[in-house]
Amino acid sequence: MTKVTAIPADDSTCGWFHLSRPRQPMPAHSGKTSVRWAVVGAGFTGLAAARQLAQRFPHDTVALVEAQQVGFGSSGRNAGFAIDLPHDIGADDYIGDIATARHCMNLNLTGQRILKALVDQHRIDCQFRASGKYQAAIEDRGIAVLDAYRRGLDKLGQPYDMIEGADLPDHIGTSFYRRALFTPGTALIQPAALVKGLADSLPANVELYENTAITDVEYGDKIVLTHRGGSIAADTLVLTNNAFGQRFGFLRGTMLPVFTYASLTRPLTLDEQARLGGKEFWGLIPADPYGTTLRRTHDNRILVRNSFSFNRDGRANPRYLERFARTHRESFERRFPMLPGVAFDYTWGGSLALSRNHMGHFGQLAPNVYGALCCNGLGITRGTVTGHLLAEHLAGERNDLIDFLLASPGPNRNPPEPFLSVGVNANLWLGQRRAGREV
């Protein structure tokens, strides 16, 4: 018996969640149930895996188990960029090895196509728009990153536009940035709305159990998942719960639950929209990974995301919200001096599962146990495609993308405590300091 020593516990102030369509959560599991497939974690990865398993095995029941409400966890808390291009923050040009980059791009594009098809088929209202993204810089270090990224895109043969600072207000309103690189293939979404819509359109043979936190697991010929209201016995367990997979006894000491934080303003008035100018819907990521992400949303709010914390147990820590809301206010005022007095309606945190070598796990973890874990900040597209392909793998399929994922060395091991916490916290602090005005 493996005791699950920590369960997800996110803050209650996520703007995406509260502004998306309300839905009635599915009941928590109770009693004893036996199924062929159990999937733990109903974010992008788990929803994709459960959907594809149900379609591949239409006569089997797939139990999809979520510790919180669907859309309340990490998948509903990100900035909403469904990125198509390789996004290797460990490489100087964000591209890295070209052969690997082409596989990564194919994975991301496949994830995009899967999501777009489901959004169209089920008419999911999540503001899915192929708007592209801006990657912008103000500091010299950031400008150098954009130049390197441009060279990487040239090697990859991908289109882009380099936009100088004088022209940027026509795009994003603010004249804060010196330069931006625009790539057209990213889709922007309201992530919580998408996750909720994906959950409400699952095949009939998926049994979704929300607010069902697993507390113990027994491994063997049957995998028995125990929670306070009962248990689920499964022939095969699929873990799609990112860093919490470590709590189930696998990949311990490899994944880093790093939280990042976002604030969302009230809707801008018509006068404020006119003063801002630029396009009505856009998204911007920083050239420096420790910088500020921005979005102008479909309902004319501004999203500001920056600041990081290392939460070892993977759970929200409320003491960070007030501190980072002040940072968001400073970042907003530097970029949008034409919008004084625009208050934030929401501030929240959300976790990323990161590994030091920027690798995830795909495939078998133990007899009868499989996982797609550690998306390294690309949960929308990478989570979707790895969940889908893991189900295909379990159905006996093989293709170039599955082979590429199976060949990954997986996340490498971290140093032991207390060296890990000291090192991660020092790197986060130093990275944010070095980012300068990019924050």
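Visitor: Happy to be looking at this one with you! What do the buried residues of H11 pack against?

Guide: Welcome! Keep in mind that this is a predicted model. In it, the buried residues of H11 meet both helix and strand partners. These partners are helix H4 (140-156), strand E13 (256-265) and strand E16 (302-310).

Visitor: How far does helix H11 reach from its first C-alpha to its last?

Guide: Helix H11 covers residues 419-435, which is 17 residues. At 1.5 Å a residue, the expected reach is 24 Å, and the model comes close to that. From first C-alpha to last, H11 reaches 24 Å.

Visitor: Within what arc do the buried residues of H11 fall?

Guide: The residues in question are Leu-420, Ser-421, Val-424, Leu-428, Gly-431, Gln-432 and Ala-435. Looking down the axis of H11, they line one face of the helix, because they all fall within an arc of 110 degrees.

Visitor: And which residues are exposed on the other side of H11?

Guide: Exposed here calls for over 50% relative accessible area. On the other side of H11, the residues that qualify are Phe-419, Val-422, Trp-429, Arg-433 and Arg-434.

Visitor: Which residue takes a positive phi just after H11?

Guide: Step just past the end of H11 and look at the backbone there. The phi is about 55 degrees, and the residue that takes it is Gly-436.

Visitor: Let's move to H8. How far apart are the end C-alpha atoms of this helix?

Guide: Helix H8 runs over residues 319-335 and has 17 residues, so at 1.5 Å a residue it should span 24 Å.

Visitor: Within what arc do the buried residues of H8 fall?

Guide: The buried residues of H8 are Tyr-320, Leu-321, Phe-324, Thr-327, His-328, Ser-331, Phe-332 and Arg-335. Seen down the axis of H8, they line one face of the helix, since they keep within an arc of 140 degrees.

Visitor: What covers that buried side, and which residues of H8 are exposed on the other side?

Guide: The cover over the buried residues of H8 includes E13, strand E15 (293-296), E16 and strand E17 (344-354). On the other side of H8, the exposed residues are Arg-319 and Glu-322.

Visitor: On to the rings. Is the pair of Phe-17 and Phe-72 stacked or edge-to-face?

Guide: The model has twelve aromatic pairs. For Phe-17 and Phe-72, the ring centres are 5.2 Å apart and the planes stand at 90 degrees. Planes over 60 degrees apart pass the cut-off, so this pair is edge-to-face.

Visitor: How many residues apart in sequence are the parts that this pair ties together?

Guide: Phe-17 belongs to helix H1 (residues 15-19), whereas Phe-72 sits in the loop between strand E3 (62-65) and strand E4 (81-82). The pair therefore ties together parts whose separation in sequence, in residues, is 55.

Visitor: Are Phe-17 and Phe-72 buried or exposed?

Guide: The cut-off for buried is under 20% relative accessible area. Phe-17 has 11% relative accessibility, and Phe-72 has 15%. Phe-17 therefore counts as buried, and Phe-72 likewise counts as buried.

Visitor: What is the geometry of the aromatic pair of Phe-332 and Phe-336?

Guide: Phe-332 and Phe-336 have ring centres 5.1 Å apart, with 45 degrees between the planes. Both residues are buried. The geometry of their pair is tilted.

Visitor: Which residue lies over the face of Phe-17?

Guide: A charge over a ring can come from Lys or Arg. Over the face of Phe-57, at 4.7 Å from the ring centre, lies Arg-36. Over the face of Phe-17, at 4.2 Å from the ring centre, lies Lys-196.

Visitor: With which side chain does the side chain of Asp-216 make a polar contact?

Guide: Asp-216 lies in strand E10 (residues 216-218) and is buried, with a relative accessible area of 16%. Beyond four places in sequence, Asp-216 touches several residues, including Met-1, Thr-2 and Val-224. Its side-chain polar contact spans 3.1 Å, and the partner is Thr-215.

Visitor: Last one: what distance separates the C-alpha atoms of Ala-192 and Leu-430?

Guide: Ala-192 lies in helix H6 (residues 191-200) and counts as buried at 0% relative accessibility. Its contacts beyond four places in sequence are Trp-16, Phe-17, Ser-20, Gly-71 and Gly-76. Leu-430 is 238 residues away along the chain, and the C-alpha separation is 31 Å.

Key:
Residues numbered from 1 in each chain as written. Predicted model: local features only at pLDDT ≥ 70, side-chain atom pairs only at ≥ 80, totals over all residues. Heavy atoms only, no water. Helix = DSSP H or I, 4+ residues; strand = E, 2+ residues; numbered from the N terminus. Expected span 1.5 Å × (residues − 1). Buried < 20%, exposed > 50% of the residue type's maximum accessible area, 1.4 Å probe, protein only. Arc of directions from axis to C-beta. Contact = heavy atoms within 4.5 Å. Phe/Tyr/Trp six-rings, centres within 6.5 Å; stacked < 30°, edge-to-face > 60°. Lys NZ or Arg CZ within 6 Å of the ring centre and 35° of its normal. Polar contact = N/O pair within 3.5 Å; in protein donor to acceptor, adjacent residues only side chain to side chain.
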